[in-house]
Amino acid sequence: MGDRSRGRAAMAVVFLLFSGLYLFFAAPGPLFGDSGEFQTLGAVGGIAHQPGYPLYVIVGRGLGMLLPGNPAYRMNCMSCLFGGLAVGMLGLVLLELGVPAIAAVAGAVAYGAGFTVWWFSIRAEVYSLAAFLFLSAFLVALRALRIGSFRLYFLAAVLSGFAFVTHLTLGPALIVLWLFLLLPAAAGISRFARVTAAAAGLLVGLSPYLYAAWIDSGTHPLNYLAYSIDAAAGQFGLTPETFDEPWERIGWLLFGSQAKMTFYLFDPRGLMRNLAHLLSIEFVYHYGPLSMPLAAIGIVVSRRRMERRLPIILAVAVVSSALVILYGALHLIPVFSLAVAIADAILVSFGIAWVIDRLRRRGRRRTAIVAAIVLAALVVVPAHALRMTAERTPAVPVFWRMPMETGPRMTGPV
């Protein structure tokens, strides 16, 4: 069995391991806030708050008929399932990029054990599904660029559309994927075929909003547009005349006033604050301080191995970081930086691979395996220790602790 085959088998084990861990620690029943809304929508369907999340509702309705337990717990289980799938999919992306199997496992474990990923994988939320779809689109896009298959180009565009529909903040990272899909493929697929496949796939990927339009045309009891927006009273500056056509209502769901975020470009203090929080979240509270030098090593040593694929990863990290810095609100920065965490995990994995390669060249294969385990632990464990210390130390203000979108705050390891 080759390294690639062993890697795929290992990723199946990683998926089962993390899905099981997430299920073990999953919330047992109803939650509040957005999670409570998603639990309800998964049970009966409808349209959620902006931007509507139609694909999550569709998938939740389908899986809700198959998963065990009460309706609320089923949606928590759905997050566990897609959280585990996202961890395994990241490992497959690493294998596609040429990372040795042991380093790919170490990188996937570091990603899955990070606090933000753990947090949104044990409760009803859209982020685990979004991460899985983004990584699936990433994997298929990499293969499309390598093979030059029309079918793969189309599938990559479909999956990227699905990821965008699931969480709009992935938009900048997905635009990077779409642009790179238009580059000449290794197998010489024509530009016309690439553009056609990408455009057709993207239309299919955005099609879940047809479900939202269908729900909005009826009298569904859980329709955010119908029962939470009062156009007659001028709420959000709307009027019955500007809010009575399907394209107006769905357009507002996507781009309306509630979907607009604070823009910090002309606020230097806000920009520096968001940058500081992004760096602390990525290299202190999600991955430990060791991840920064490992990521730097990963950038240097992966230039030849990844050739034109390294710019994709760096571009994803840069544009996603720019989104967070320009528009981030403190409690949303961890989930807004979802693509940043994925790019960082890839670069850290290349850094781990470099260490392992040095040991293997000296004939220390067993030592290399131990080193991969130790490095993965040193990326994850200090991050959790620092987060818990900050949570439990009164002198550390809440503003400088690990942000969480909703409570209750998690002060322990899980």
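**About the model.** This is a predicted model, in which local features need pLDDT of at least 70, side-chain atom pairs count only at pLDDT 80 or more, and totals for chains, interfaces and linings use all residues. Residues are numbered from 1 along each chain as its sequence is written, and side-chain values use heavy atoms, with hydrogens and water left out.

Figure 1. Helices (H or I, at least four residues) and strands (E, at least two) are DSSP runs, numbered from the N terminus. The C-alpha trace spans about 75 × 60 × 50 Å along its principal axes. The radius of gyration is 22 Å, which agrees with the value near 22 Å for a compact globule of 414 residues. That radius is taken over C-alpha atoms, and the globule rule is 2.2 Å times the number of residues to the power 0.38. Of the 414 residues, 54% count as buried. Buried means under 20% relative accessible area, exposed over 50%, and partly exposed in between (1.4 Å probe, protein chains only). Contact means heavy atoms within 4.5 Å. Among contacts with a separation of 6 or more, 74% come from residues 24 or more positions apart.

**Figure 2. Glu-96 forms a salt bridge with Arg-143.** A salt bridge is a side-chain nitrogen of Lys or Arg within 4 Å of a carboxyl oxygen of Asp or Glu. Here the closest N and O atoms are 3.3 Å apart. Glu-96 lies in helix H4 (residues 71-96) and Arg-143 in helix H7 (residues 127-147), so the pair ties together parts that are 47 residues apart in sequence. Glu-96 counts as buried, at 5% relative accessibility. Arg-143 counts as partly exposed, at 28%. A search of the whole structure finds 5 salt bridges.

Figure 3. Arg-361 is exposed, with a relative accessible area of 64%. Elsewhere, salt bridges that share partners join Glu-96, Arg-143 and Arg-146 into one network. Asp-357 also meets Arg-358 in a salt bridge, at 3.0 Å, N to O. Asp-357 is partly exposed, with a relative accessible area of 25%. Arg-358 is partly exposed too, with a relative accessible area of 25%.

**Figure 4. Arg-123 is buried yet has no salt bridge.** Arg-123 lies in the loop between helix H6 (115-120) and H7. The nearest side chain of opposite charge, Glu-125, is 6.3 Å away. For charge, Lys and Arg count as positive and Asp and Glu as negative; His and the chain ends are not counted. Leaving aside neighbours within four places in sequence, Arg-123 is in contact with Leu-31, Ser-35, Asn-76, Ser-79, Thr-406 and Gly-407.

**Figure 5. Trp-252 is found in helix H13 (residues 246-255).** Trp-252 counts as buried, at 9% relative accessibility. Gln-50 is 202 residues from Trp-252 in sequence. In space, the two are 8.6 Å apart, C-alpha to C-alpha.
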